[in-house]
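Hello,

Here is the model I promised to pass on. Please have a look, and my notes follow below.

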Amino acid sequence: MSVAIDLRLVPAAAGSGGGTRPAFLVLPGGGYARQADHEAEPVAEWLASLGVHAFVLRYRVAPDRHPAPLEDAKEAMLYIRSGVHGLAVDPERVGVLGFSAGGHLAATLSTGAATGSPRLDVPAAVPDLSVLCYPVVSLTHEVHQGSVDNLLGGAPPSDLLAALSADLHVSSVTPPAFLWHTADDAAVPVSHSLRYAGALMAAGVPAELHVFPQGRHGLGLAGEEPGTAQWPSLCADWLARAGWAGPAAAAPLAAAAAKN
C-alpha cells in the first residue's frame, strides 16, 4: 500500500469453523475530529465473537481533510480483501460498520464516493454489506456541522456537500444495510438514517432500520441502555440471516457490551 494506515486486526473467535470467514471494517465515530475508543476495539471483539474477522481503522481526521479519511477506508478495504494480513477472509464477504461520522465514512464508502485516485476508486473498495449506527448521512439536510467543518473546512462548495451526501448516491448496486438510530438523538437527527434507508428501499436494496424512542448519541454497543441494548442482537440476527454469522450470532453479548 502506498499510504500507511492504522489498522488493528481482531480475528474471529476460535471455534468459528474452518475455511474462510466474513470480515468487517470497523469505523469509530468522533465527528472527524477524533475517534471514540468505545466504538472501536469493543465492537471488533463483539464481531469476532460472532465468527467474523474484524479490522479497526483509525482513519485520518482534522486537520486532515477529505479525501484523507475516504482514502484510508478504501486502502483498508483493498487490504482486507487481499488476504496479505494472513487471516482466512472470504474476499466476497467484506462489510463495513460505522458509528456517527464513522457511519458517514461507511456510507460514502458504500455508495462509491470518489477520492480521485484511480487505484482506490474501484469496485473492490465498496463493501458487500454495511452496518450504520446513528450515522451522519447527509451534508445538505439537518447537517452535523462539526463533521462538515472537520471534514471539509469552512464554506465548502455545494457540489462537494452533495457529492458526500450518501443518500443522494444510492443505486441498485449499493450494498444492503442494517441501520439503527434513536428518535431523540440531539446530535445527529434520526432523519439521516431515515433518508438512507428510504433511498435503499426506493432502489430495491434490502435495508433493515431500527429507530428506538430514546437514547443519547454515541451509545456504542449500548450496554444495558433500555431499548437500544437490543441492537447488537438484532444485528447479529441480520448477519446470521445473510449467512455471515453462525448459530451463535444471537448469543448473549454482555461481555462485549460491558467494555462499552
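How many helices and strands does the chain have? There are 8 helices and 7 strands, taken as DSSP runs numbered from the N terminus (helices H or I, at least four residues; strands E, at least two). Before you read on: this is a predicted model, where local features need pLDDT of at least 70, side-chain atom pairs count only at pLDDT 80 or more, and totals for chains, interfaces and linings use all residues. Residues are numbered from 1 along each chain as its sequence is written, and side-chain values use heavy atoms, leaving out hydrogens and water.

Of the 260 residues, 55% count as buried (under 20% relative accessible area, with exposed over 50% and partly exposed in between; 1.4 Å probe, protein chains only).

Now to the aromatic rings. Rings of Phe, Tyr and Trp (its six-membered ring) pair if their centres lie within 6.5 Å; planes under 30 degrees apart are stacked, over 60 edge-to-face and the rest tilted. The count comes to 9 aromatic pairs. One of them, Tyr-32 with Tyr-59, is edge-to-face, at 6.2 Å centre to centre and 70 degrees between the planes. Tyr-32 lies in the loop between β2 (21–27) and α1 (41–49), and Tyr-59 in the loop between β3 (53–57) and α2 (68–82), 27 residues apart. Tyr-32 is buried, at a relative accessible area of 2%.

Phe-99 and Tyr-134 have ring centres 5.7 Å apart and planes at 50 degrees, so this pair is tilted. Phe-99 sits in strand β4 (residues 89–99), and both residues, Phe-99 and Tyr-134, are buried.

Best wishes
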